[in-house]
Amino acid sequence: MADLSIEFCGIKSPNPFWLASAPPTDKAYNVVRAFEAGWGGVVWKTLGEDPPAVNVSSRYSAIYGKNREVIGFNNIELITDRLLDVNLREITQVKKDWPDRALIVSLMLPCEEAPWAAILPLIEATGADGIELNFGCPHGMPERGMGAAVGQVPDYVEMVTRWCKKHTRLPVIVKLTPNITDVRAPARAALAGGADAVSLINTVNSITHLDLDRMVAFPAVGNASTHGGYCGAAVKPIALNMVAEIARDPATRNLPISGIGGIGNWRDAAEFIALGAGSVQVCTAAMLHGFRIVEEMKDGLSRWMDEKGYRSIADFTRKAVPNTTDWKYLDMNYQVIAQIDQDKCIKCGKCYVACEDTSHQAIAQIVGEKDSRTYEVIRDECVGCNLCEITCPVEGCITMVPQETGKEYMNWTQDPRNPRAEGVR
Ligand SMILES: Cc1cc2nc3c(=O)[nH]c(=O)nc-3n(C[C@H](O)[C@H](O)[C@H](O)COP(=O)(O)O)c2cc1C
Ligand code: SF4
Ligand code: SF4
């Protein structure tokens with residue numbers, strides 16, 4: 001049976017599944033039930049200076065799929081709205097009662113050294129395993145010079161990280177904002193400041209939708225709204241790419257990464273780990289489905305690892321990183337062609353319309369007796385774009401089949417069609 005335990009920048013955890021800093025980790029009542037359900041760790045809801053933040057009503061909005069499943073989630077909540085002392089007492093008790101679980105405390109304070117120097121000994125005294133610096137909250141707090149206002153300026157990221165390293169012995173995890181052009185810049189800055197790890201992503205600036213009668217966006221606070229932070233399944237591709245960017249960057253490739261963003265099942269987690277994450281954090285999926293989703297996550301990951309012969313998480317950590325490269329290094333001679341399984345085809349014609357109208361006119365619609373339709377790929381025209389496979393409503397009906405071209409690997413830097421090519425080797 002696979003061993004799911006991890007050690008992430010010195011922090012031990014029985015499994016890689018942590019709850020991200022957010023409502024699920026807001027108080028002892030939640031965290032204790034999360035630990036009972038099997039979560040390996042939590043990042044406590046972000047603490048700040050007293051007086052605590054005050055929230056508005058309402059606070060959340062969402063984008064739905066056809067069956068009202070939530071695809072993306074948006075919030076305008078601030079950091080903890082509870083007194084610092086109450087949080088610290090609860091953290092101390094929870095860590096005492098659950099010594100084998102990872103308990104990290106998220107922090108957000110003004111960009112001055114004194115408040116950081118003052119709070120860090122208080123966090124250490126709780127027995128917590130580490131701190132996470134919330135440089136990512138995109139709403140409300142940046143207006144006060146905190147959260148993403150820090151995360152978007154690499155110099156500030158480095159400066160605050162350095163203060164934290166100076167004033168605590170605890171591992172320092174820097175949580176990054178995705179609301180930036182190149183996530184590698186703050187990651188490098190965190191490393192330069194002495195960070196033990198980075199975590200990402202925090203939420204993406206967003207407005208989900210509008211009430212067109214009232215002409216106000218959701219979540220509405222009376223007759224006005226504001227941009228929020230987007231998360232949930234919809235942001236996973238953005239998060240995965242940013243994790244990979246940091247894992248691939250020669251400057252930060254050894255920096256531990258805690259992956260966050262749209263993780264809802266074991267497969268999502270495995271993908272983050274394969275692209276560079278040493279632990280994963282979950283918020284929206286737990287908010288929508290409750291703490292018990294961790295059971296499927298642990299069972300599924302463990303079963304898959306057994307199947308693949310991975311005995312520990314480290315066995316497949318970063319395994320997909322070397323296969324993630326710049327476009328210019330992809331093989332120009334690789335070729336796939338669409339193939340339709342006529343036994344599975346329901347003759348809906350979606351693939352035909354997609355390829356005919358917007359791709360390469362590589363699917364033929366053959367009209368037969370009694371207006372019957374058959375769809376066939378014109379092999380010579382197919383460029384292997386995947387569009388028909390993506391559009392087809394029947395799983396496994398269209399497959400993309402690799403072709404034996406007999407040609408050797410040749411990337412764009414070597415391609416004679418490239419005016420700046422270095423020549424075919
Ligand atoms: C309602 C809500 C409140 C959040 N509060 C915090 C917070 O206090 N500190 C923080 O670092 N991140 C906060 N986050 C961001 C999450 O920790 C996480 O980075 C983000 O939601 C992406 O993960 P997910 O797709 O699993 O939700 C919050 C997210 C939500 C939805
Ligand atoms: S893969 Fe692209 S080009 Fe080929 S048949 Fe499908 S849609 Fe057309
Ligand atoms: S989209 Fe799929 S099911 Fe529909 S016609 Fe094309 S191959 Fe058949």
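Student: How far apart are the centres of domain 1 and domain 2?
Tutor: Their centres, taken over C-alpha atoms, are separated by 41 Å. Domain 1 covers 6-315 and domain 2 covers 329-402, with bounds that come from an automatic or database domain assignment. Keep in mind that this is a predicted model, in which local features need pLDDT of at least 70 and side-chain atom pairs count only at pLDDT 80 or more, while totals for chains, interfaces and linings use all residues. Residues are numbered from 1 along each chain as its sequence is written, and chains are lettered from A and ligands numbered from 1 in the order in which they are written.

Student: Okay, and what does the chain span along its principal axes?
Tutor: The C-alpha trace spans about 80 × 60 × 45 Å.

Student: What share of the residues is buried?
Tutor: Buried residues make up 42% of the 425. A residue is buried if 20 or more other C-beta atoms lie within 10 Å of its own, exposed if 12 or fewer, and partly exposed in between, with C-beta atoms placed from the backbone.

Student: Which residues have the most contacts inside the largest nonpolar core?
Tutor: Ile131, Val174, Val198, Val243 and Ala269 do, in a core of 96 residues. Helix H7 (residues 236-248) gives the largest share of this core, seven residues. A nonpolar core here is a set of buried Ala, Val, Leu, Ile, Met, Phe, Trp, Tyr and Cys residues joined through C-beta atoms within 7 Å.

Student: What does Val198 touch?
Tutor: Leaving out residues up to four places away in sequence, Val198 touches Ile173, Val174, Leu176, Ala187, Ala190, Ile246, Leu255 and Ile257. Two residues are in contact if their C-beta atoms, placed from the backbone, lie within 7 Å.

Student: Switching to the ligands: which residues come nearest to ligand 1?
Tutor: Ala20, Thr46, Cys231, Cys283 and Thr284 come nearest, out of 28 around it. A residue is near a molecule if its C-beta atom, placed from the backbone, lies within 6 Å of it. Strand S4 (41-47), strand S6 (70-75) and helix H9 (284-289) each give two or more residues to this shell.

Student: How does that shell around ligand 1 divide?
Tutor: Into 13 nonpolar, 12 polar and three charged residues. In this count Ala, Val, Leu, Ile, Met, Phe, Trp, Tyr, Cys and Pro are nonpolar, Asp, Glu, Lys and Arg are charged, and the others, Gly among them, are polar.

Student: And which residues come nearest to ligand 2?
Tutor: Of 15 around ligand 2, the nearest are Cys355, Cys382, Cys385, Leu387 and Cys388. Helix H11 (350-358) and helix H12 (387-391) each give two or more residues. The shell has 11 nonpolar, four polar and no charged residues.

Student: Which residues are closest to ligand 3?
Tutor: Cys345, Cys348, Lys350, Cys351 and Cys392, among 14 that surround ligand 3. That shell divides into 10 nonpolar, two polar and two charged.

Student: What about Arg68, is it buried or exposed?
Tutor: Arg68 counts as exposed because it has 7 C-beta neighbours inside 10 Å. Arg68 is not a glycine, yet has a positive phi of about 60 degrees, and is found in the loop between S5 and S6.

Conventions. Helices (H or I, at least four residues) and strands (E, at least two) are DSSP runs, numbered from the N terminus.
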